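Please work through the exercises below with the sequence and the three-dimensional structure open beside you. Each task is followed by a solution in steps.

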Amino acid sequence: MRPVLLSAIVLLARGADAQPVSATAEARLEESSLLAKLAADPRLTRTAAEVDLARAEVVAAGIAAAPSLAYEREAVRSGEGFASDALRLTVPLEISGRRAARRAAANHEVTAMSAEADASRFALTLAALRSFRVAQYERERSELLQAERAALAAAVDVVRKRAAAGDTSGYDLQRIELELTSYDDSLRAGLLALDAARMELGTWVGQPAGIDAAGALTVPPDPTALEAVLGGALEHRPELRAAAARSEGAKALLRAAERAWIPELSLSAGILRQDASADDSSWGYLAGVSLSLPIFDRGQADRARASAQHQRAEATKQILARTIPAALRVRYAALVRAVERARAVEQQQLPRLPQLLRSAEAAYRDGGGNIVELVDAYATARDLRLRALELRRDAHLAQLEFWLVLGRRP
């Protein structure tokens, strides 16, 4: 009877494993669709608005002082009437070059803000991809647990019938039922994690109820050689471009501050009409020039601010130049190890599972084993499949961390 029992268990288990039950019946989101929908993410819209705000500051910095038009009337009423009317146009002239320097500084700030927007956009993309990878993992994990649970449940039904007929011991039935209870607990925990991952992914595409991630997790390809990556690492980091732009902007502000001693010049011109009496009036003109006297404010505060901004930008550049190569080496090593571990399980351990199951089946058939050993063989296969899936997930997450430090997708 034991070979018959074995055959029933194996056939039912293989049939259940061949048709895994999907964790959900919801539509699945493709990675390309996720990346396309990120363009409408409000966080990117906010970042773009900040760049537009910086561009508006460029316009403001380049606007010249507005001319002014004034009308004056003077009248003296003492005996004979006396009055004069004057229309004066005053035009400020920029002779110090401070406006051009401030405009240059504002343009550098736009460059810095654009670089930071690129960094934010890339970080947001990787965050969305991380949610996508986790959702893929949780879906495949739930499907795997359901398939393994279905296989074990089929075995439990057979053993329960045999125990009722007295063909197997009550211990075997209790042991396999306890194992099934453990599977149920793992499956419930997996479904909870899947729901959380689906809802997190749904927030990226405006579906708060959640959505599944399409596609299967496979082992990522080997990363590009570290030497090739390090060669242009600093050039591609948007944070470094932003720091360089702010350094140049601080220099421009310093030039503007150093010209604060140059006075502001204003030219004025106009027409004058003077009434000597009720019947006698004459016309003339007005012309003038005025200079400001920069006695108190000679750009001291502006020079101090520009100097501090320049020091901060240069310090940021130095920090990035020191930390990025080291961080890349760390993340690269972690990625290489993660890919190697995932590939080792895929190539060296998973192919051995069929032989493990055949050995357990043969031992049971020959009478040298028991049903607990057979169930343990299936449990080992389940744990190894789950471990392989977890390693594939870890390899993808390590890849995203490496891209984040690199500042681009190689």
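Residues are numbered from 1 along each chain as its sequence is written. The model is predicted, so that local features need pLDDT of at least 70 and side-chain atom pairs count only at pLDDT 80 or more, while totals for chains, interfaces and linings use all residues, and side-chain values use heavy atoms, with hydrogens and water left out.

**Exercise 1. The whole chain**

Task: State how many helices and strands the protein chain has, and what share of its residues is buried.

Solution: Begin with the secondary structure, where helices (H or I, at least four residues) and strands (E, at least two) are DSSP runs numbered from the N terminus; the protein chain has 11 helices and 6 strands. Next take burial, for which buried means under 20% relative accessible area, exposed over 50% and partly exposed in between, with a 1.4 Å probe and protein chains only; of the 410 residues in the protein chain, 39% are buried. Finally, turn to contacts (heavy atoms within 4.5 Å): among those between residues at least 6 apart in sequence, 80% join residues at least 24 apart.

**Exercise 2. Salt bridges**

Solution: A salt bridge is a side-chain nitrogen of Lys or Arg within 4 Å of a carboxyl oxygen of Asp or Glu, and a search of the whole structure finds 29 of them.

- Step 1. R133 and E31 form a salt bridge with an N to O distance of 3.2 Å. R133 is buried at 7% relative accessibility, whereas E31 is partly exposed at 22%.
- Step 2. For E148 and R385, the N to O distance in the salt bridge is 2.7 Å. E148 is buried, with 4% relative accessibility, and R385 is partly exposed, with 24%.
- Step 3. The salt bridge of K251 and E248 has an N to O distance of 3.4 Å.

**Exercise 3. A helix pair**

Task: Describe how the axes of α5 and α11 cross, and which residues meet there.

Solution: Axes are lines fitted to C-alpha atoms, for helices over the stretch in contact, with angles from 0 to 180 degrees between N-to-C directions. The axes of helix α5 (residues 170-204) and α11 come within 9 Å and cross at roughly 15°. Angles under 35 degrees count as roughly parallel, over 145 as roughly antiparallel, 65 to 115 as roughly perpendicular and the rest as oblique, and α5 is therefore roughly parallel to α11. On the α5 side the contact includes Y171, R175 and Y183, and on the α11 side it includes I371, Y378 and R382.

**Exercise 4. A strand residue**

Task: Is S268 buried or exposed, and which residues does S268 touch?

Solution: S268 lies in strand β5 (residues 265-275), and its relative accessibility of 19% counts as buried. Leaving aside residues up to four places away in sequence, S268 touches R88, L89, T90, L286, A287, G288 and V289.
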